[in-house]
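I opened my notebook to look up a few residues and their partners. My entries follow.

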Amino acid sequence: RILESGEDYLETILILQNRNGEVRSVDIATEMDFSKPSVSRAVGLLKQGGYLYTDKNGYLFLTDEGKKVAHKTYERHVVLSQFFESIGVSAETATNDACKIEHVISDETFNAVKKLFRDK
């Protein structure tokens with residue numbers, strides 16, 4: 001099982017790839033406001049875990065498993081943020097709470113929230 005921090009890294013890589021097309025460790029450090037050594041260590045662990053790989057120029061790419069985790073985490077973040085805002089939570093609080101909950105919410109509960117929110 002991947003750790004919460006790993007999910008955050010993969011989600012960030014997905015977001016940066018969608019925004020910029022290419023991602024390097026320095027981009028992650030800037031986006032997440034983490035030190036370059038911290039990002040380097042995390043990237044190494046994610047590569048070992050089979051979640052991402054680098055090309056000869058140092059660009060990062062998600063593996064199929066990395067994409068699966070990143071998309072799942074990102075979907076949870078978006079849906080939960082929107083749901084919380086729809087019930088009157090401020091955008092900042094909704095985003096912060098979604099970041100915490102997206103890692104621990106069960107599939108069953110998330111799917112129920114998603115269905116309730118989408119059916120509104």
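**Entry 1: a residue in a helix**

I looked up Thr 12 and found it buried, with a relative accessible area of 11%. Buried means under 20% relative accessible area, exposed over 50%, and partly exposed in between (1.4 Å probe, protein chains only). This is a predicted model, where local features need pLDDT of at least 70, side-chain atom pairs count only at pLDDT 80 or more, and totals for chains, interfaces and linings use all residues. Residues are numbered from 1 along each chain as its sequence is written, and side-chain values use heavy atoms, with hydrogens and water left out.

Thr 12 sits in helix 1 (residues 4-20). Helices (H or I, at least four residues) are DSSP runs, numbered from the N terminus. I then set aside the neighbours of Thr 12 within four places in sequence; Thr 12 is in contact with Ile 28, Glu 31 and Met 32. Contact means heavy atoms within 4.5 Å.

**Entry 2: salt bridges**

I counted a salt bridge as a side-chain nitrogen of Lys or Arg within 4 Å of a carboxyl oxygen of Asp or Glu. By this rule there are four salt bridges.

Asp 107 pairs with Lys 72, with the closest N and O atoms 3.2 Å apart. Asp 107 lies in helix 6 (residues 107-118) and Lys 72 in helix 4 (residues 64-86), 35 residues apart.

Asp 107 also forms a salt bridge with Arg 76, at 2.3 Å from N to O. Is Arg 76 buried or exposed? Arg 76 is buried, at 5% relative accessibility. Asp 107 is partly exposed, at 41%. I noted that Lys 72, Arg 76 and Asp 107 form a network of salt bridges.

Technical notes:
Helices (H or I, at least four residues) and strands (E, at least two) are DSSP runs, numbered from the N terminus.
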